[in-house]
Amino acid sequence: MITGGARGIGFAAAERMPRSGAGVVLWDIDEKRLTEAAERLAPLGTVSTSVVELTDEESVAKAAAAAIAAHGKVDILVNNAGITGGNGKLWELDPATWRRVLDVNLVGPYLTCRALVPGMIERGYGRIVNIASIAGKDGNPNASHYSASKAGLIGMTKSLAKELAQAGILVNCVTPAAAKTEIFDQMKQEHIDFMLSKIPMNRFLGVEEAAAMIGWLASEDCAFSTGAVFDLSGGRAVY
Ligand SMILES: NC(=O)c1ccc[n+]([C@@H]2O[C@H](COP(=O)([O-])OP(=O)(O)OC[C@H]3O[C@@H](n4cnc5c(N)ncnc54)[C@H](O)[C@@H]3O)[C@@H](O)[C@H]2O)c1
């Protein structure tokens, strides 16, 4: 189950899953892109989709029931959907935008975990991969809402991992630096330039590189890591 799987990093992760025998469920708010994504994935394996507003607990609960009806169970949850909320100094950002970023990037993953973790506990197995950001570790200027939401997601990952450490359910997060996806449309060019300037490898992350790490974290091969933060920053992270 991949949120925001209609495009970008989420879609790249979805393309990889059938290679390991996983059926794929995509949740996204963008119905048109969701349909296109499902058409591209259909030749690879089982795929189903739901149009979901991730900040709405009823929408999430309904989609969770549909996913279980279609696939019998959900063993893997990738909390990938996210928005930037644009760029500006903290005091220039309006409260509605600030709250919306927290809602989508942090409350959304809380709601999906709330809906799907009980089933994982019953079966004694699960893998949860949260897509945070280097911004959550470093704090990017002109992105206080985004940085705070991703720092929150890192904290949630660590708490939930400890709650589930003996339940067979591993919870980890990844912290990408910049990947050139459509999320760039939500940012100022000077902010994109700033992010690239901070990456020692001097290039953007490829979505397939993110998908490779997500795929491993979602697999049984990831067996003794939980509550961990996995770097995808081309050398930017120093801790
Ligand atoms: N691309 C980057 O530079 C980068 C860097 C670090 C972290 N990330 C994180 O990676 C994740 C994926 O980013 P991406 O670059 O693929 O972005 P993207 O904008 O290409 O894709 C995000 C997807 O999430 C969906 N979505 C947004 N709000 C939603 C909502 N309320 N309910 C349901 N779906 C919703 C969108 O429709 C879209 O399909 C995000 O969490 C992002 O913050 C991206």
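Modeller: Two strands pair if DSSP finds at least two bridges between them. Strands (E, at least two residues) and helices (H or I, at least four) are DSSP runs, numbered from the N terminus. This is a predicted model, where local features need pLDDT of at least 70, side-chain atom pairs count only at pLDDT 80 or more, and totals for chains, interfaces and linings use all residues. Residues are numbered from 1 along each chain as its sequence is written, and side-chain values use heavy atoms, leaving out hydrogens and water.

Colleague: Which residue in E5 is the bridge partner of isoleucine 76?

Modeller: Strand E4 covers residues 76-79 and pairs with E5 in the parallel sense, over 4 bridges. Within E5, the partner of isoleucine 76 is arginine 127.

Colleague: Why is E5 largely enclosed by the rest of the structure?

Modeller: Buried means under 20% relative accessible area (1.4 Å probe, protein chains only). In a regular strand the side chains alternate between the two faces of the sheet. Here Gly126, Ile128 and Asn130 on one side are buried, as are Arg127, Val129 and Ile131 on the other. Strand E5 is largely enclosed because its buried residues number 6 of 6.

Colleague: What is the radius of gyration of the protein?

Modeller: This radius is taken over C-alpha atoms, and the globule rule is 2.2 Å times the number of residues to the power 0.38. With 239 residues, a compact globule would come near 18 Å, which agrees with the protein's 17 Å.

Colleague: How much of the protein do buried residues make up?

Modeller: The protein has 8 helices and 7 strands. Of its 239 residues, the buried ones make up 50%.
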